[in-house]
Amino acid sequence: MASTAATTPDGPGDDSDANRKKRPKLRDGVMKRGKTWSYVIRVTDPETGVSKPKWVGGFATEEEAKAARDEARVKARRGEYVDRNSITVAEYMAEWIEAHGVEIKPKTLYMYRYLINRYIVPRLGGTRLQAVRPATVTKFYREISATGGKGGKGLSPRTVEYVHAVLRKAFRDAVEVEQILPSNPVERAKRPRKRRSEPAAVWTPVQLRVFLTEVASHHRLHAFFHVAAYTGARRGELLNLRWSDVDLEAGELRIAGSASFIDGQRVEGTTKSGRARTVAIDAATVAVLKGHRAMQAADRDAAGEEWRGDGKHVFTTGWGEPIHPDTVSSLMSILVRRYNNPPAGKGEQPAEPLPPARLHDLRHIHATTLLLAGVPVHVVAARLGHADPSITLRVYAHVIDEQVATVADTFADILRKAG
């Protein structure tokens with residue numbers, strides 16, 4: 001190791017006896033500077049091959065400095081040493097999201113920014129990135145779970161999971177891409193126990209039929225609800241659907257993208273999985289779409305010069321404009337409420353009211369019905385646009401369990417009939 005005079009933070013200077021007595025002593029790479037302890041190691045620059053001293057300070061005790069020195073020496077010999085960096089979590093997250101933004105979809109980017117600004121920066125932003133430990137992140141999760149929501153209320157485990165996913169991605173890049181962290185503390189942090197989410201109780205096929213034939217059939221967007229129920233496609237996928245993606249002769253829809261609104265602006269991009277898929281449709285759905293196309297043509301003729309569409313989208317407003325996603329979601333709830341409690345003079349209450357349901361539940365009904373009918377999981381996954389059948393297995397585990405319970409009897413019946 002180089003001499004103390006060459007490697008001390010004070011550097012070379014007056015070497016008088018009086019001055020040397022004032023200087024802190026460097027003992028095996030460790031010394032006290034002011035109220036804290038520091039260590040120094042020699043690190044070889046991988047580009048130049050030149051060995052240079054690296055000082056690291058701020059340790060409360062000599063023991064802490066020595067322990068950190070020993071760890072740094074081992075990593076330096078392996079070529080794994082990471083130089084300390086003063087960048088804070090807030091500064092790093094700001095740089096990371098700008099660089100990461102080109103790789104992800106606009107809606108996902110919007111959510112990432114929200115989670116970073118709403119939860120991560122206020123509580124972790126001032127912390128130096130390299131000072132973050134698993135315990136730091138565990139405490140952070142515990143705090144936002146208890147008081148991170150509006151009015152000081154706690155956040156749901158699901159929201160904490162979203163925050164965790166963003167942190168994990170960002171810190172992983174700090175390790176693997178930026179190389180300013182030796183390991184990812186987020187991976188080792190403890191977060192609130194994740195509860196397996198399953199779709200809530202959905203309508204039966206009979207209830208779905210009532211909705212399509214008696215409730216939605218009188219609305220101009222009846223075809224939207226019909227196609228959603230009969231294909232299991234996502235809301236954004238259907239609102240992005242073009243007539244050029246519809247082959248009524250072959251009975252197929254090509255789901256090629258998705259539409260959403262971000263900050264009041266319509267944004268169109270790829271599907272959730274990033275891949276296009278072809279979904280077969282039955283004869284009744286073909287007939288519904290033919291009727292919808294004829295109605296759209298009538299709307300265009302009636303609007304005349306006031307028509308605002310380009311004729312490409314399958315589902316539009318009466319003026320031809322693309323539909324806002326919230327419109328169809330709220331419309332479904334409105335239609336169900338009116339059916340269950342019709343206005344005065346508009347009919348009687350049904351003997352069996354429809355349970356409340358969300359638009360996304362039509363997708364769940366589609367998947368559940370197919371799985372209970374014995375359609376293979378990989379076929380249902382492809383129809384829903386899941387990137388992997390394991391997603392379908394996880395989301396619809398309760399349906400798979402129902403099938404498993406009947407497998408023994410099914411096998412026995414087959415052998416009995418064979419005899």
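This is a predicted model: local features need pLDDT of at least 70, side-chain atom pairs count only at pLDDT 80 or more; totals for chains, interfaces and linings use all residues.

**Strands, helices and a buried glutamine**

Mentor: Strand β2 (residues 36–44) pairs with β3 in the antiparallel sense, over 7 bridges.

Trainee: What holds the strands of a sheet together in general?
Mentor: Strands of a sheet pair through backbone hydrogen bonds, and the pairing is either parallel or antiparallel. Here the order β1-β2-β3 makes an open sheet of 3 strands with antiparallel pairing. β1 (30–33) and β3 (51–59) stand at the edges with a single partner strand each, so one side of each has no neighbour in the sheet. On average, neighbouring strands of this sheet are turned by 35° against each other, direction ignored.

Trainee: Which helix packs on the sheet?
Mentor: Helix α3 (residues 62–78) does, touching β1, β2 and β3. The direction of α3 makes about 10° with that of β2.

Trainee: Which strands form the open sheet that includes β5?
Mentor: That sheet has 3 strands in the order β4-β5-β8, again with antiparallel pairing. Its edge strands are β4 (246–247) and β8 (277–280), each pairing on one side only. Strand β5 (residues 252–255) and β8 share 4 bridges, and I255 has R277 in β8 as its bridge partner.

Trainee: And how should I read a hairpin?
Mentor: Strands β6 (residues 258–262) and β7 (residues 265–269) run antiparallel and are joined by 5 bridges. I262 is bridged to Q265 in β7. The hairpin has 2 residues between the strands, and D263 takes a positive phi near 55°.

Trainee: Let's turn to helix pairs. At what angle do α6 and α7 pack?
Mentor: Start from the angle between the helix directions, then check the contacts. Helix α6 (residues 134–147) and helix α7 (residues 157–176) pack at about 150°, with their axes 11 Å apart. The two are therefore roughly antiparallel, since angles over 145 degrees count that way. Their crossing is right-handed.

Trainee: Which residues of α6 and α7 meet?
Mentor: From α6 come V137, F140, Y141, I144 and S145, which meet V160, V163, H164 and L167 in α7. By class, this contact has 7 nonpolar, 2 polar and no charged residues.

Trainee: How do α8 and α12 lie to each other, parallel or perpendicular?
Mentor: The axes of helix α8 (residues 205–215) and helix α12 (residues 325–340) come within 11 Å and cross at roughly 85°. α8 and α12 are therefore roughly perpendicular to each other. On the α8 side, V210, F211, E214 and V215 meet M332, L335, V336 and Y339 of α12. That contact has 7 nonpolar residues, no polar ones and 1 charged.

Trainee: Is Q296 buried or exposed?
Mentor: For burial, look at the relative accessible area, where under 20% counts as buried. Q296 has 5%, so it is buried. Q296 sits in helix α11 (residues 283–303). Leaving out residues up to four places away in sequence, Q296 touches W243, W307, H313, V314, F315 and T316.

Trainee: How many helices and strands does the protein chain have?
Mentor: The secondary structure comes to 16 helices and 8 strands. Of the 419 residues in the protein chain, 38% are buried. Among contacts with a separation of 6 or more, 59% come from residues 24 or more positions apart.

How values were computed:
Residues are numbered from 1 along each chain as its sequence is written. Side-chain values use heavy atoms; hydrogens and water are left out. Axes are lines fitted to C-alpha atoms, for helices over the stretch in contact, and angles run from 0 to 180 degrees between N-to-C directions. Angles under 35 degrees count as roughly parallel, over 145 as roughly antiparallel, 65 to 115 as roughly perpendicular and the rest as oblique. A crossing is left-handed if the near helix is turned anticlockwise from the far one by less than a right angle, and right-handed if clockwise. Contact means heavy atoms within 4.5 Å. Ala, Val, Leu, Ile, Met, Phe, Trp, Tyr, Cys and Pro count as nonpolar, Asp, Glu, Lys and Arg as charged, and the others, Gly among them, as polar. Two strands pair if DSSP finds at least two bridges between them. Buried means under 20% relative accessible area, exposed over 50%, partly exposed in between (1.4 Å probe, protein chains only).
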